[in-house]
Amino acid sequence: MNEKINPQDAVAASVSRGGALSEGVQAGGVYTVECYGADGALKWRDSFPNLVTTVGKNLLLDTLLGGSGYSVTGPYMGLIASGSYSAVAAGDTMASHAGWLEAGSANAPTYSGSRKTVSFSAASSGSKASSSAASFAITGSGTVKGGFLVLGSGASATIANTGGTLYSAGLFSGGDRAVDNGDTLNVSYTASA
């Protein structure tokens with residue numbers, strides 16, 4: 001009798017894992033506006049997302065990653081007039097935003113004082129909100145299209161000043177809004193990443 005043993009051994013192994021982890025940060029924000037009539041009654045309310053401009057994103061990154069200390073000039077909030085409007089664009093700057101005009105002294109509606117200084121509460125859960133609403137006392141009737149934030153070197157509270165960095169601009173989600181002399185616009189802003 002002849003017996004043969006043919007020993008064999010087999011081993012198999014496999015590893016499964018995710019190909020990549022992905023996480024991103026998108027700069028954005030939301031303006032919230034309430035319009036109160038001269039009698040103090042709420043006339044309308046609107047919230048709208050904004051476009052964070054390219055120069056605004058660059059300032060954000062340079063500030064966060066570029067140095068050990070930073071103090072901000074501003075931020076100042078202004079209003080966008082509906083007259084001569086064509087577009088808000090990522091390439092807009094304070095010195096060059098051909099698609100829109102700032103509401104105020106030369107473009108209706110007008111309001112008392114200057115651009116409004118915005119203060120922010122501490123960031124929480126990936127967002128940072130204005131600590132109180134910027135209040136615009138309307139002195140001349142007109143139509144508002146949206147709002148914007150400007151800050152940084154050269155920024156000024158003076159209406160129509162072209163210095164500083166245009167951080168963001170946004171348009172009402174419900175379309176243009178008419179305001180009357182005596183109305184008050186209270187505008188809040190929440191940034192998120």
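Reader: Which side chains does a polar contact of 2.6 Å join?

Author: A polar contact is a pair of N or O atoms within 3.5 Å; within protein, one must be able to donate a hydrogen and the other to accept it, and residues adjacent in sequence count only if both atoms are side-chain atoms. Here the side chains of Asp 46 and Ser 173 are joined by such a contact of 2.6 Å. This is a predicted model, where local features need pLDDT of at least 70, side-chain atom pairs count only at pLDDT 80 or more, and totals for chains, interfaces and linings use all residues. Residues are numbered from 1 along each chain as its sequence is written, and side-chain values use heavy atoms, with hydrogens and water left out.

Reader: Where is Asp 46 found?

Author: Helices (H or I, at least four residues) and strands (E, at least two) are DSSP runs, numbered from the N terminus. Asp 46 belongs to strand β2, residues 42-52.

Reader: Is Asp 46 buried or exposed?

Author: Buried means under 20% relative accessible area, exposed over 50%, and partly exposed in between (1.4 Å probe, protein chains only). With a relative accessible area of 5%, Asp 46 is buried. Contact means heavy atoms within 4.5 Å. Not counting residues up to four places away in sequence, Asp 46 touches several residues, among them Tyr 31, Phe 172 and Arg 177.

Reader: With which residue does Asp 46 form a salt bridge?

Author: A salt bridge is a side-chain nitrogen of Lys or Arg within 4 Å of a carboxyl oxygen of Asp or Glu. Asp 46 forms one with Arg 177, and their closest N and O atoms are 3.6 Å apart. That pair links distant parts of the chain, since Arg 177 lies in strand β11, 131 residues from Asp 46 in strand β2.

Reader: How many salt bridges does the count come to?

Author: The count is 6 salt bridges. One of them joins Arg 45 to Glu 34, with the closest N and O atoms 3.2 Å apart. Arg 45 is in strand β2 and Glu 34 in strand β1 (residues 28-36), so this pair ties together parts that are 11 residues apart in sequence. Arg 45 is partly exposed at 49% relative accessibility.

Reader: Why is strand β3 largely enclosed by the rest of the structure?

Author: In β3 (residues 76-81), 6 of the 6 residues are buried, so the strand is largely enclosed.

Reader: Which strand pairs with β3 over 6 bridges?

Author: Two strands pair if DSSP finds at least two bridges between them. Strand β9 (residues 142-151) pairs with β3 in the antiparallel sense over 6 bridges. Phe 148 in β9 is the bridge partner of Gly 78.
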